Amino acid sequence: MPKQVARRKRKLPDSPYLPRSAKIVEAEMFTDLEMWMRLEFEDGEPIEYRAGQFVELSVYGVGEAPISICSLPGKGDGLELCIRAAGDVTSSVQNFTVGDKVGLRGPFGNGFDMDSIAGKDLLFVAGGLGLAPCRSFILEALNNRDKYGSVSILYGARNPDNLLFRKDLDAWRERQDCTFMLTVDRGDETWTGNTGVITTLFRRIPKIDPVNTVAFIIGPPIMFKFAVLEALGMKLRKDNIYCSLERRMKCGLGKCGHCQIRNVYVCQEGPIFNYAEVVRLREGI
Amino acid sequence: MENCYCAGGDDPAVDKEDEVLPRTVRKEHFGTFVEALMTAYQVMAPVSKGPQFAFEQIESPEDVGKIRMDYDITILPPKKFLMPQYEELLSFSGRGPEGVEAAVSATPVAMLGIHPYDLHAIATIDMAMCQSPPDPYYQARRSTAFVIGLNIDNYANEHQFMADMGTIDPPEGGFDLFLTDLGDRYYMEMGTELGSKRAKDCRVCAPAVAKDHADKQAYDAAKLANFTKRLPYNTRYLPELLEESYDSLIWDAIAKRCFSCGTCTNVCPTCYCFDVQDKPNLDGKSGVRQRQWDSCQLDGFAVVAGGENFRAQRAGRLRHRIFRKGKFILERTGKLGCVGCGRCSQHCVAKISMLETLQQMADQSVTLDA
């Protein structure tokens with residue numbers, strides 16, 4: 001009778017599927033559906049990330065979901081997330097509160113090296129929840145203001161109840177060193193600001209030098225389609241227009257295949273793409 | 001029944017060079033060889049499953065007689081041992097981070113009787129899973145696996161096109177041992193040191209002699225004559241042809257028949273996409289996070305929370321699969337995305353054939369100028 005071969009169970013500390021534990025240290029409901037939180041890692045190890053990267057958020061027993069990092073890029077002991085309740089994991093995490101712990105894996109994605117556009121004029125166009133990842137770029141620019149030329153920020157939401165990061169919006173409006181414009185698709189009785197889709201703000205941007213301008217357009221695909229037309233209409237170069245193309249991301253490691261756009265794994269070669277690449281990808285938008 | 005000494009230990013009288021030279025094992029002694037394998041590995045070999053074949057575990061010496069080395073092709077490819085259909089990644093004991101463990105089972109498996117095209121497919125998945133960052137679960141299984149290939153000398157059915165894909169012979173370094181059926185015995189070629197050692201230590205594996213080499217050469221000559229090409233073009237042009245066919249109507253035409261059932265990806269030896277899901281236990285607290293095979297052909301593959309589907313059209317999904325097999329996997333890993341085994345075509349509910357699809361691409365012209 002052949003010997004039974006023993007099943008060996010080994011603990012693999014470096015399994016890329018093992019999340020790090022993170023505690024919620026601050027949380028706020030921005031809207032009925034969107035929750036902002038600041039998290040700190042329990043193991044005391046820092047995390048280093050770039051603008052545009054994301055993490056996989058774990059709620060054990062429910063699953064994992066990819067969430068864009070919305071805080072200032074760099075190296076630190078934590079990060080901020082803005083999470084819309086859209087599925088199982090994101091709905092379940094909204095029951096969590098300060099002191100609760102979740103799992104985080106990452107950072108994943110290519111992110112964007114802001115140093116590469118030092119000296120450029122920056123145009124940020126954020127639609128809806130796109131403001132969350134876009135904020136990471138905006139904070140990097142505003143915190144290193146001297147590194148860049150002019151900074152213009154456009155933000156569009158569906159209605160006043162949907163506005164995210166209100167404290168930041170107020171702060172950006174107050175600043176003298178950037179242009180901030182806000183619009184909602186549809187106002188309410190108390191709304192006194194702009195109404196209309198975000199493309200209506202483009203003609204109000206102070207005169208820019210199209211050759212020297214880099215635009216970041218982050219929002220729902222339909223918004224990106226029209227916003228990029230405006231940007232091209234302003235004579236911006238195709239490869240100076242960036243977007244965040246998101247797909248269903250699961251492993252974050254370029255293996256599970258869900259995030260593929262043709263031959264590109266968004267979790268590794270994206271989610272930040274320039275428009276010239278998007279056109280070449282064909283199935284990008 | 002002769003005893004097989006697989007105890008190891010060097011015989012100083014044997015020249016080191018002999019270790020790489022081929023050996024033979026007579027068919028009546030093959031069971032002894034397999035039984036020796038069973039003392040160190042879980043042996044998976046082809047057995048009959050109704051009118052078809054499957055790789056199953058040989059659990060006891062009595063089951064050795066069930067092994068069908070004359071099988072034509074299995075339903076599922078050998079990837080099921082290296083990347084199981086369900087694989088536990090983590091276990092957790094509650095909602096919190098305490099008690100979360102990454103667990104890997106590394107039971108050594110001997111895969112016996114793997115045809116050359118399946119060896120090529122294993123090499124593809126090896127490359128894909130070891131690309132940065134490497135997958136430790138796959139690596140654990142792959143590094144403890146013992147692979148014994150088995151030669152083939154003819155197509156098994158009309159769906160196969162291994163000659164076109166260059167998979168009638170095994171890949172370099174893609175096996176530990178490689179067997180060729182010479183009628184009353186197997187010719188055994190050495191692939192790795194691990195393979196050589198097992199063969200050298202095995203009393204029923206004798207060094208090959210002139211007649212063995214001659215018979216092997218005759219086998220190779222007959223094999224070459226049987227494996228005629230079935231595509232009208234050299235497959236080195238396949239990535240280009242695919243790129244040109246992106247807007248072709250061929251995809252809609254084929255998709256009309258497709259059910260998006262995912263059978264093709266299920267039986268494909270180079271498919272490795274998976275989903276990761278948490279499975280809570282009945283206590284509502286503990287559970288596992290497991291990965292399981294998934295398919296880009298299923299409607300929900302590219303759906304995100306909120307409902308947007310980034311590949312909602314069946315034709316788009318089908319085109320994506322063909323592009324993966326003929327172009328993308330090759331570009332990303334340097335290894336073949338399709339090995340011409342024909343399983344997808346053989347099992348497709350709608351009888352969609354990879355070979356026919358690739359043949360039709362040669363007839364397609366994107367530019368419609370005369």
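**Note on chain B of the predicted model**

1. The buried residues of helix α4(B) pack against α2 (79-82), β4 (86-92), β5 (101-105) and α3 (116-130) of chain B, where a residue is buried if 20 or more other C-beta atoms lie within 10 Å of its own, exposed if 12 or fewer, and partly exposed in between, with C-beta atoms placed from the backbone. Helix α4 of chain B covers residues 136-143, and its buried residues are P136(B), Y137(B), Y138(B), R141(B) and R142(B).

2. This is a predicted model, in which local features need pLDDT of at least 70 and side-chain atom pairs count only at pLDDT 80 or more, while totals for chains, interfaces and linings use all residues. Residues are numbered from 1 along each chain as its sequence is written, and chains are lettered from A and ligands numbered from 1 in the order in which they are written.

3. Chain B contains 13 helices and twelve strands; helices (H or I, at least four residues) and strands (E, at least two) are DSSP runs, numbered from the N terminus. Of its 370 residues, 43% count as buried.

4. The C-alpha trace of chain B spans about 70 × 65 × 40 Å along its principal axes. A compact globule of 370 residues would have a radius of gyration near 21 Å, and the 23 Å of chain B agrees with this; the radius is taken over C-alpha atoms, and the globule rule is 2.2 Å times the number of residues to the power 0.38.

5. The domain assignment of chain B, which is automatic or from a database, gives domain 1 (16-226) and domain 2 (235-363). The contact between them takes 35 residues from domain 1 of chain B and 31 residues from domain 2 of chain B, two residues being in contact if their C-beta atoms, placed from the backbone, lie within 7 Å. On the side of domain 1 of chain B that touches domain 2 of chain B, α3(B) gives the most, with ten residues.

6. The contact between the two chains takes 44 residues from chain B and 37 residues from chain A. On the side of chain B that touches chain A, the largest share, six residues, comes from β11(B). The residues of this side of chain B divide into 27 nonpolar, nine polar and eight charged, where Ala, Val, Leu, Ile, Met, Phe, Trp, Tyr, Cys and Pro count as nonpolar, Asp, Glu, Lys and Arg as charged, and the others, Gly among them, as polar.
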